[in-house]
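Please open the structure in your viewer and keep the selection tool at hand. The tour below goes from stop to stop, saying what to select next and what is there.

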Amino acid sequence: MASCVIDLVKEACERNPDKVAVLVEHSGNAFTYKSLEAKSLRLSQLISYVLAQNALNRNPLSGAEREETPLVSIIAERNIGMIVSMLAVLQSGAAYVPVD
């Protein structure tokens, strides 16, 4: 049984990869679960890389010794890019902070 959004999307992708996951109202563009999963996984790899680089460059004397969930700000219009970004951040193991 799925426990979070990324698990639900992954399961839907496995069951129905060609079904519409997101329909963009104004343009009529449709994104399948397969394309949504592929786009978010590519972005999550980049986010994971950047977070790892950030962790390597962290000053050990800064007092930030405990492991915390990284936060990633998302500044985007409400469109498919925002949905892909939110999924990608979660897939990378971080949490997102929407910025208006």
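## Stop one: a glutamate in a helix

Select Glu37, which is buried, with a relative accessible area of 9%; buried means under 20% relative accessible area, exposed over 50%, and partly exposed in between, with a 1.4 Å probe and protein chains only. Before going further, please note that this is a predicted model, in which local features need pLDDT of at least 70 and side-chain atom pairs count only at pLDDT 80 or more, while totals for chains, interfaces and linings use all residues. Residues are numbered from 1 along each chain as its sequence is written, and side-chain values use heavy atoms, with hydrogens and water left out.

Glu37 sits in helix α2, residues 33–56; helices (H or I, at least four residues) and strands (E, at least two) are DSSP runs, numbered from the N terminus. Which residues is Glu37 in contact with, leaving aside its neighbours within four places in sequence? Select Val9, Lys10, Cys13 and Gln91 to see them, where contact means heavy atoms within 4.5 Å.

A search of the whole structure finds zero disulfides, a disulfide being a pair of cysteine sulfur atoms within 2.5 Å.

## Stop three: strand, helix, strand

Now select β3 (residues 71–74) and β4 (residues 95–98), two strands that pair in the parallel sense over four bridges; strands pair if DSSP finds at least two bridges between them. Ile74 stands opposite Pro98 in β4. Together with α3, these strands make a right-handed β-α-β unit, right-handed meaning that, with the strands pointing away from the viewer, the path from the first strand over the helix to the second runs clockwise.

In the loop between β3 and α3, select Arg78, which counts as exposed at 81% relative accessibility. Although Arg78 and Val24 are 54 residues apart in sequence, their C-alpha atoms are 10.0 Å apart in space.

Next select Asn79, which caps the N-terminal end of α3, with a side-chain oxygen 2.9 Å from the backbone nitrogen of Gly81. Helix α3 itself, residues 80–91, has 12 residues and reaches 16 Å from its first C-alpha to its last, close to the 16 Å expected at 1.5 Å a residue, the expected span being 1.5 Å times one less than the number of residues. Among the buried residues of α3 are Ile80, Met82 and Leu87. Finish at Gly93, which follows α3 and has a positive phi, near 95°.

Terms used
Polar contact = N/O pair within 3.5 Å; in protein donor to acceptor, adjacent residues only side chain to side chain.
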